[in-house]
Amino acid sequence: MENIVIERLLKVLKGKVSVQEVENLLEKPKYEYLGDIAFPCFMLAKQFRKSPHLIAEEITQQIDKKDFEKIEVQGGYINFFYDKESYAKSVISTILKEREKYGSKRSTGQQIVIDYSSPNIAKPFSMGHLRSTVIGQALANIAEKNGDKTVRINHLGDWGTQFGKLIVAYKKWGLKERVEASPIEELLKLYVKFHEVADESLNNEARVAFKMLENGDSEALQLWRWFREESIKEFMALYDLLNIHFDSLAGESFYNDKMQQVVEELEGKRLLVESEGADVVELENMPPCLIKKKDGATLYATRDLATAFYRMIKYQPKAIYYVVGNEQSLHFKQWIQVVEKMGYEWSKNLHHVPFGMMLKDGKKMATRKGKIVLLANVLEEAIDTVKQNIEEKNPTLENKEAVAKAVGVGAVIFHDLKNFRLNDIEFSLQEMLNFEGETGPYVQYTFARIQSILEKQPMEKNISYKLEINDYEWTVYTQLVEFPAVIERAYELTDPSIVAKYVLKLARVFNKYYGHTKILEPDDFLNGRLALCECVAIVLKESTRLLGIETPKSM
C-alpha cells in the first residue's frame, strides 16, 4: 500500500519531487487516529511558495482516493487511512504468491565477503565464540535476502604467538597419548598451565618457539599441523550442529607468504618507520600501527593487511565485513587507516562489525585462565532439556530427536541474536532454556500452532475469500507488511536483532489474534482467516531461517 501512496502523490506532484524524496518523507504516525501513513508537506513550502497546510489541502483535493478509507489534512500533514479490506487482500495475495521470496530483493550482481566465527586452533569452542558465529551467519543470510552474493569465510586463528606457548607447554608437560585421547581438552589444560606458571624466561622460550615455527622448523610445523587438524574436526562437528557452513576455512597461516609484499609496499611508499626497534605506520588520532616486532615477527595487523589485499583481488567484493568483538575496534581502525594511507579507495569498503561480550558473572570469559563455558556442553544440555519436555508433554511426537535438536539449538542461537549486537550478554543457561516469553522456542511453537490449524482445515486455494477484519486481525496485517523493510534495515545496520525483535512481535500479535478469534469457525470468513494463518507461517519460517533457526512443524 505504501507504493500506492507514493504513486498517487507523484501523479499529483508531476515531477516536482523525486520518488526518493517522497519515500524519505513518508512516515508512520505515532497514533492510530492520525492514519496509517502520513506525508508531511513542510519541505515543499519553499518550492511551492505556499504554507504546508495549503499544499496539503491542494494535494488532497487532486489525489485519487481509491483504495483508501479516507484521506485527511491535519496541519501540514496528509494522513492516509487505508481501506482495510483492500489492504488486507493485497498483503495476503502478495505473500501467498511470493511465499519464501517475500521481502527478497532482486540480485544486485554484486558480492560481499563476511569474515566471522574465526575460533583459535587448539582451544575449545566456547560460548564466547558463539556471538561472531551466529551474528555472521545471520548477516550473510540477510545479505543474500537483500540481493547480494556472499563469500562466507572462517578466518581460523591458526597462527600467532599462542602456538609458541603451546609448543613449549606440550614439550614440557604434554603426553602424546593424552593428547590423542582428548586433543582439545588436553591442549587447553597445557595452555592454561603455561599462563599459570609463566615468567619472563618461559615467555622468551615461547617467542623463540613461534619464531622457529615462522621459519619452517620441521618439529614445530609437525606439532602445529597436529593441533590444527584435531581442532578443525571438533569445530566442524559444532558447525554441523548449528547448521552453519563456510565457503573458505583459510586461516591466518594461509597468508604467511603474502605479508612480505605488503611490508615492501609500505616501505616503498615510505609509510614504514622505525620505533624502538620495531616497524610501525604512524596514524592520525590514534597510536601507530605495529607491523613488525623487534625480532622481525609479524603481527595481527600485518596479516589482516595481507588478508584484505588478497580478498579484494580474488573476490572483487563491494564490501568486506569483519564480525569481530568490540574490544578489537582500535585494531581495525588502525590497519584500515593504513590501507587508506596506502592510497586505496576501497579502504572505505572495509567494515568492522563489532559486538558485545558474552559475560559470566559479569566478567569476560578467559581461555588462558580456564574460565570458559563450552558451547558443546550448552548445546547438549539445551537439546536434553527439550527432550525431557517432549517426553513429559508430547511423548507420541514424531521425529523427537530432530525436534529436540531444532528447538534446543534454536533457543541458544535466538538468545544471542535477540540482543542488540553491541550489548554485552550475561550467560544464563536458565534464561536461555526458558521456553516462554522472548525466546526462540516461543516463535517456533507459534509456527507449529499454525501448522496444526492448517492440518485440521487446509486453506482452499484458487478461490475468492471474504475478510472480516477486527482490531486483532488488522494488527497482524500491519505487522506482516513490515517484513521487507525490516530485512532492508537489518542489512543497512548490520544488526540481526532487528529481525529477531520483529519475529517476536509477529508471534505475539498472532497469538493475541488466535486467543480472541475462533479461526476454524465454519463461516464465510473461514478461508480468509486460514489465508492469514498461512501468511504468518511463511513469514515466521523465513524470518527464523534468516537467523539460522529451524522451524519444526510440530512440537
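Start with helix 16 (400-417): helix 16 gives five residues, the largest share, to the lining of the largest cavity. Helices here are DSSP runs of H or I with at least four residues, strands are runs of E with at least two, and both are numbered from the N terminus. This is a predicted model, in which local features need pLDDT of at least 70 and side-chain atom pairs count only at pLDDT 80 or more, while totals for chains, interfaces and linings use all residues. Residues are numbered from 1 along each chain as its sequence is written, and side-chain values use heavy atoms, with hydrogens and water left out.

**The largest cavity**

Select L241, L242, N243, K405, A406, V409, G410, I413, G548, I549 and E550, which line the largest cavity. Helix 11 (218-242) and helix 16 are the elements that give two or more residues to this lining. The volume is about 70 Å³, and the structure holds five cavities of 30 Å³ or more. A cavity is a set of points, on a 1 Å grid over the protein atoms alone, where a 1.4 Å probe fits but cannot get out; lining residues have an atom within 4 Å of a point. Grid points are joined across faces, edges and corners, and the volume is the space filled by probe spheres set on the points. Coloured by type, the lining divides into six nonpolar, three polar and two charged residues. Nonpolar here covers Ala, Val, Leu, Ile, Met, Phe, Trp, Tyr, Cys and Pro, charged covers Asp, Glu, Lys and Arg, and the others, Gly among them, are polar.

Next select strand 3 (residues 77-82), where five of six residues are buried, that is, under 20% relative accessible area with a 1.4 Å probe and protein chains only (exposed is over 50%, partly exposed in between). Strand 3 pairs in the antiparallel sense with strand 1 (residues 37-40) over four bridges, and I78 is the bridge partner of F39. Two strands count as paired if DSSP finds at least two bridges between them. Strand 2 (residues 68-74) is also antiparallel to strand 3, over six bridges; there E72 has N79 as its bridge partner. Two residues lie between the strands of this hairpin, and G75 takes a positive phi near 65°.

Move to C41, in the loop between strand 1 and helix 3 (45-48). C41 counts as buried because its relative accessibility is 0%. Not counting residues up to four places away in sequence, C41 touches P52, I55, A56, I59, G76 and I78, with contact meaning heavy atoms within 4.5 Å. The C-alpha atoms of C41 and I55 are 6.6 Å apart, with the two residues 14 apart along the chain.

**The nonpolar cores**

Now show L9, F39, F80, M127, F227 and L480, which touch the most other members of the largest nonpolar core, a set of 145 residues. A core is a set of buried Ala, Val, Leu, Ile, Met, Phe, Trp, Tyr and Cys residues joined through side-chain atoms within 4.5 Å. Helix 22 (residues 526-547) supplies 13 residues, the largest share. Centre on L480: beyond four places in sequence, its contacts are V91, I95, Y102, Y502, L506, L532, C535, V536 and V539. A second, separate core has 33 residues, including C289, L305, A306 and W346.

Finish at the open three-stranded sheet, order 12-11-13, with mixed pairing. Strand 12 (363-364) and strand 13 (425-426) each have a single partner strand, so one side of each is left without a neighbour in the sheet. Strand 11 (residues 358-360) pairs with strand 12 in the antiparallel sense over two bridges, where L359 has K364 as its bridge partner.

Notes. On a 1 Å grid over the protein atoms alone, a cavity is a set of points where a 1.4 Å probe fits but cannot get out, and a pocket is an open set with protein on both sides within 12 Å along at least five of seven lines; lining residues have an atom within 4 Å of a point.
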